[in-house]
Amino acid sequence: MNQLEILRFALRGLLANKLRSALTTLGILIGVAAVIMLVAVGEGSSQSIQKNIQRLGANTLTISPSFSGGGGGGGGRGGGFQGQNTGPRTQARQLSLADAKALTDRTLAPSVRTVSPVVSANSSAAAYGAASHTISQLVGTYPSYFEATNKPVAKGTYFFNDDVLAARKVVVLGQTVVEELFGPVDPVGKQVSISGVPFTVVGVLKETGSTGGQDADDVAVAPLPAVQQSLTGFGTLNSIVVQATGAEATQSAQSEVTAILNQRHGITGDNPDYRLLNQATLQETVSQATGTFTVLLGAVAAISLLVGGIGITNIMLVTVTERTREIGIRKAIGAPRSAILGQFLLEATLLSLVGGLSGVLVAFAGTRFTVAGIQPVLVPSSVVLALGVSVGIGLFFGSYPANRAAKLRPIQALRHE
């Protein structure tokens with residue numbers, strides 16, 4: 001009996017019970033689709049987070065106040081995060097405009113290119129004519145902020161140092177704010193009211209997009225003194241964005257910034273009153289964490305593949321029992337043991353292969369849709385792995401029923417009722 005005949009017998013056996021075969025392949029389909037989809041969601045979330053970090057650039061440092069630090073601490077110079085609570089809080093100081101100006105000293109910080117002090121106000125009500133919108137974040141800062149945080153202007157222009165010195169009430173709006181307030185109307189040159197204060201629109205930021213449920217385009221950026229004067233008051237800063245002279249100088253800039261702030265805040269130990277976030281270090285850490293997360297998602301989904309394999313074993317055992325007399329007749333007329341073994345092993349493998357291919361198609365269709373605000377990204381290696389495992393499951397879980405069928409003695413099989 002040649003291979004073609006074995007394949008023909010296997011297909012005839014599967015098609016004899018179409019519903020049973022379909023339900024068996026469904027278990028493999030769900031397992032393969034789940035593995036590919038969950039890995040795709042993990043990869044999509046990883047890329048989404050990476051894009052958010054990359055918006056700030058690999059040569060950007062972000063300094064923010066730490067409410068757990070104090071005068072008994074100082075930051076290490078090599079890590080991505082600083083400000084862990086390792087000691088008691090003693091007279092923690094907030095970030096100030098004087099701190100930002102001190103970081104611009106070329107003698108003390110030669111690796112620092114620009115420094116952008118930042119104040120922000122959340123949920124600021126904005127209005128233009130009859131239209132109104134609540135801006136998620138209003139940022140007051142310097143012009144260098146646009147380059148440091150990778151926020152290019154798509155229309156109009158950003159504000160300049162003269163606007164900062166004169167505390168002019170000008171603003172650059174994100175795409176979401178423009179759509180909500182102006183619609184198709186060009187906003188440049190128009191006057192918008194933010195928390196009751198009139199600001200003139202000078203530019204529109206390039207669209208960034210929404211990730212993880214947060215709209216990065218729902219933002220407005222204005223000169224620091226104008227925001228402090230009208231909205232937040234001349235108090236402390238929310239953060240300071242520091243841009244290094246290059247990606248290779250980021251660690252040097254971090255060390256220089258740490259030394260300056262420690263000296264200004266009187267930090268002598270390991271518990272500073274600020275946090276220093278290095279984007280390059282954060283990106284590396286997030287890559288490792290999301291990679292582990294993706295592997296765990298795939299491993300959880302792989303359990304359903306195992307369940308599908310057990311289903312194949314169960315169905316094939318039932319099939320062998322039902323077709324015992326057929327096996328006896330074929331053996332009695334001279335069918336070799338290898339032909340019986342090959343037929344039932346091929347049936348199990350075909351069930352897995354059809355289920356696997358169907359699962360790939362379902363997963364491919366599923367990646368076209370957004371899941372929980374994340375666009376899944378198909379990982380080719382996960383497709384190959386899931387399909388390979390599904391075929392392997394067919395061979396492994398089908399081998400026992402096939403071997404059992406091949407070992408049947410013709411006399412016993414013919415006597416079976």
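**Close-up 1. The buried residues of helix H7 in the predicted model.** Helix H7 covers residues 224–232. This model is predicted. The buried residues of H7 are Leu224, Pro225, Ala226, Val227 and Gln228. What do these buried residues pack against? Their partners include two helices, H3 (97–102) and H5. Strands S2 (112–128) and S3 (131–141) are also among the partners. So are strands S7 and S10. After H7 comes Gly233. Gly233 has a positive phi, near 85°.

**Close-up 2. Strand S5, covered on both faces.** In a regular strand, side chains alternate between the two faces of the sheet. Which residues of S5 are buried on each side? Val170 and Val172 are buried on one side. Val171 and Leu173 are buried on the other.

Close-up 3. Strand S7 spans residues 197–205. S5 and S7 pair in the parallel sense, over four bridges. Strand S10 spans residues 219–223. Here the pairing with S5 runs in the antiparallel sense, over two bridges. Val172 has Val221 as its bridge partner in S10.

**Close-up 4. Ala167, a loop residue with a positive phi.** Most residues other than glycine have a negative phi. Ala167 is not a glycine, yet its phi is positive, about 55°. Where does Ala167 sit? Find it in the loop between helix H5 (161–165) and strand S5 (170–173). Is Ala167 buried or exposed? Its relative accessible area is 15%, and buried means under 20%, so Ala167 is buried.

**Close-up 5. Asn150, another loop residue with a positive phi.** Asn150 is not a glycine, but its phi is positive, about 55°. Asn150 lies in the loop between helix H4 (144–148) and strand S4 (153–156). Its relative accessibility is 47%. That value falls between the cut-offs of 20% and 50%, so Asn150 counts as partly exposed.

**Close-up 6. Val41 and its contacts from elsewhere in the chain.** Val41 belongs to helix H2, which covers residues 18–54. Val41 is buried, with a relative accessible area of 16%. Which residues does Val41 contact, leaving aside its neighbours within four places in sequence? They are Val371, Ile374 and Pro376. Now find Leu297, 256 residues from Val41 along the chain. The C-alpha atoms of Val41 and Leu297 are separated by 8.9 Å.

Key:
Residues are numbered from 1 along each chain as its sequence is written. This is a predicted model: local features need pLDDT of at least 70, side-chain atom pairs count only at pLDDT 80 or more; totals for chains, interfaces and linings use all residues. Side-chain values use heavy atoms; hydrogens and water are left out. Buried means under 20% relative accessible area, exposed over 50%, partly exposed in between (1.4 Å probe, protein chains only). Contact means heavy atoms within 4.5 Å. Two strands pair if DSSP finds at least two bridges between them.
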